[in-house]
Amino acid sequence: LRQVEEAGAAAAAEQLQQTVSVLCSWLRAHEDLDDVGCLRSIMRILISLLAQDRATESIAVQKGLLSSATALLTSYGQDAEMATVCLELLALLSTVESSDTIINRLGTVAIIVELLRKHEGNPSLQEDAITALAIMMQRTRHRNAVMKCGGVAVLLGVLRQSMSSGALVLASCRFLSSFVVKDECCQTVLQSGGLELLLAAFDSE
């Protein structure tokens, strides 16, 4: 009975991986599809499937899902729902060991920072973007990308305008705690007035 259960589990895992592979390939081939709702639905399905088995995340990276999510974020970033789904996928896949080279090549970090600039009136989406960046800050390459594109100044600008949002303040703290792990990162934050701004944000809570 145990062998039957193990065989069944192995078959289910293989089927799951095949499904993820097929959906990633489909999305890669249809990035320019006009039906944004369909693209969002496929990505939501992928998020659900990836949550079932961490092994599928590497398959998704190999099949170009990071590239697709970045491309769709660039093309449809004005659509808040699409942007939210793209950010969730990018944050999820950024923890895969092989992802940092791809994210760096695609310029994903700079694209997310630009999204922060464009959605000043959407604190929920800004929170998602900052949270995604916070997860990416585990990698040195991504911290360097933030500094290169002026991401710290952008984030602090968002924080300055949204001190009444506890969720945004917490997301910003999470980002900064992941970011300030080296002297040059600390200096960037201090020179941008980050410490004073954070203290003011907590005082306003």
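## Salt bridges

A salt bridge here is a side-chain nitrogen of Lys or Arg within 4 Å of a carboxyl oxygen of Asp or Glu. This is a predicted model, in which local features need pLDDT of at least 70 and side-chain atom pairs count only at pLDDT 80 or more, while totals for chains, interfaces and linings use all residues. Residues are numbered from 1 along each chain as its sequence is written, and side-chain values use heavy atoms, with hydrogens and water left out.

A search of the whole structure turns up 7 salt bridges. In one of them, D79 pairs with R40, with the closest N and O atoms 3.0 Å apart. This pair links distant parts of the chain, 39 residues apart: D79 sits in the loop between α4 and α5, and R40 in helix α2 (residues 36-50). Helices are DSSP runs of H or I with at least four residues, numbered from the N terminus. R40 counts as buried at 14% relative accessibility, whereas D79, at 23%, is partly exposed. For these words, buried means under 20% relative accessible area, exposed over 50%, and partly exposed in between (1.4 Å probe, protein chains only).

R54 and E57 also meet through their side chains, at 2.6 Å from N to O. Here R54 is exposed, with a relative accessible area of 54%, but E57 is buried at 2%.

Let's turn to α6 (residues 99-106), whose buried residues are S99, D100, I102 and I103. They lie on the same side of α6, because they cover an arc of only 165° around the axis; the arc is that of the directions from the helix axis to the C-beta atoms. These buried residues pack against α3 (55-62), α4 (65-76), α5, α7, α8 and α9 (140-148). After the helix comes G107, with a positive phi near 70°.

D100 also forms a salt bridge with R139, the closest N and O atoms being 3.5 Å apart. R139 lies in the loop between α8 and α9, so the pair ties α6 to a part 39 residues away in sequence. Both D100 and R139 are buried.

## The nonpolar core

A nonpolar core is a set of buried Ala, Val, Leu, Ile, Met, Phe, Trp, Tyr and Cys residues joined through side-chain atoms within 4.5 Å. The largest one has 66 residues, among which M43, L65 and F175 touch the most other members. Helix α5 (residues 80-93) gives the largest share of this core, 9 residues.

Leaving aside residues up to four places away in sequence, L65 touches C24, L27, L46, L50, A60, L89 and L93. Contact means heavy atoms within 4.5 Å.

Technical notes. Helix = DSSP H or I, 4+ residues; strand = E, 2+ residues; numbered from the N terminus.
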